Amino acid sequence: MTTIDTAAITAVLPEAFDERWSRLPGIQVDGRRITIDPAEYFFRFESSTWLVADWELVKSQLLEAEETTESAVEQLALEFIKAHAESTSDAAQVLATAYEVYAYLFRDEHLAGLGLPQITADHLRMLRQAATLMALNKVELDGRISNVGPCWFFPAATSVVFDLDDETGGLLDEVYHGGWFNEHRRIESIKAHAALGGRLVHGCQSVPDQSGGVVAPYGASMAVFRDDLAAFKAGWIERVYAHRVNPAA
């Protein structure tokens, strides 16, 4: 039987995270320093290794690459991952890589073309932080979900941490998991997520069916993923919402 490393995870990131992340069990924020106790933080923690690729390499070799009639963007990402991604047991490296990915995907310059005037730069900051923590979640090739933390459930986690009402939390989730309903943004997302060893997949259709997302390896069984998620999501979403400071929000 494999022993999973449950030692505390500590990462120092470029941006100071909101101290209210400490409302969730097992996570402490001190400015740019984040400390996670896996035993407390995760609902399920069965793997302490992740696949990552160097973000600078993604920027220089993949972000500007163009798909052709012979090679789709997904193929470009898969080939890049095969050539450059490496397994790591350093969760701080995963968080640092994820921060770069989401600082890129949720950058302020996209606000003007978003068509959602109620979404602000502050909302993008929330998305960057929640998505960075989401990167510690994990799906295996056989489709089984091995790591699940509160940030799997975006609207629930962000409502707890940022005191969002249900409507705003749901709107934030749409921005997160819709690729902003824009093919240009989806292509950008596929390329950027190569740094985290896969592609962003979702268990939900839309906000009312809150099922979260994860960066899954190419080739992972989505049927097993769907069934595994369905079995646990309701109870775990409830456990996240239980940490709301103002339950009436």
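Start by selecting helix α7 (residues 154-162) and helix α10 (residues 222-241): their axes come within 8 Å and cross at roughly 10°. Helices here are DSSP runs (H or I, at least four residues), numbered from the N terminus. Axes are lines fitted to C-alpha atoms over the stretch in contact, and angles run from 0 to 180 degrees between N-to-C directions. α7 and α10 are therefore roughly parallel to each other; angles under 35 degrees count as roughly parallel, over 145 as roughly antiparallel, 65 to 115 as roughly perpendicular and the rest as oblique.

Before moving on, a word on what's on screen. This is a predicted model, where local features need pLDDT of at least 70, side-chain atom pairs count only at pLDDT 80 or more, and totals for chains, interfaces and linings use all residues. Residues are numbered from 1 along each chain as its sequence is written, and side-chain values use heavy atoms, with hydrogens and water left out.

On α7, pick Pro155, Ala156, Ala157, Ser159 and Val160; on α10, pick Ile237, Val240 and Tyr241. Contact means heavy atoms within 4.5 Å. Colour this set by class and you get seven nonpolar, one polar and no charged residues. (Ala, Val, Leu, Ile, Met, Phe, Trp, Tyr, Cys and Pro count as nonpolar, Asp, Glu, Lys and Arg as charged, and the others, Gly among them, as polar.)

Next, select Asp163, in the loop between α7 and α8 (166-177). Check its backbone: phi is positive, about 55°, although Asp163 is not a glycine. Asp163 is partly exposed, at 36% relative accessible area; buried means under 20%, exposed over 50%, and partly exposed in between (1.4 Å probe, protein chains only).

Back to α10, for Val224. With 37% relative accessibility, Val224 counts as partly exposed. What does Val224 touch, not counting residues up to four places away in sequence? Look for Asp142, Gly143 and Arg144. Then draw a C-alpha to C-alpha distance from Val224 to Leu141: 9.8 Å in space, for 83 residues in sequence.

Jump to His123 in helix α6 (residues 121-134). Is His123 buried or exposed? At 13% relative accessibility, His123 counts as buried. Its side chain reaches the backbone oxygen of Gln118 at 3.4 Å. Leaving out residues up to four places away in sequence, His123 touches Gln118, Thr168 and Leu172.

The last stop is helix α9 (residues 183-192), starting with its packing against helix α4 (residues 91-105): the angle is about 165° and the axes are 10 Å apart. That makes α4 roughly antiparallel to α9. Select Val101, Tyr104 and Leu105 of α4 with Arg185, Glu188, Ser189 and Ala192 of α9 to see the contact. Its residues divide into four nonpolar, one polar and two charged.

Technical notes
Helix = DSSP H or I, 4+ residues; strand = E, 2+ residues; numbered from the N terminus. Polar contact = N/O pair within 3.5 Å; in protein donor to acceptor, adjacent residues only side chain to side chain.
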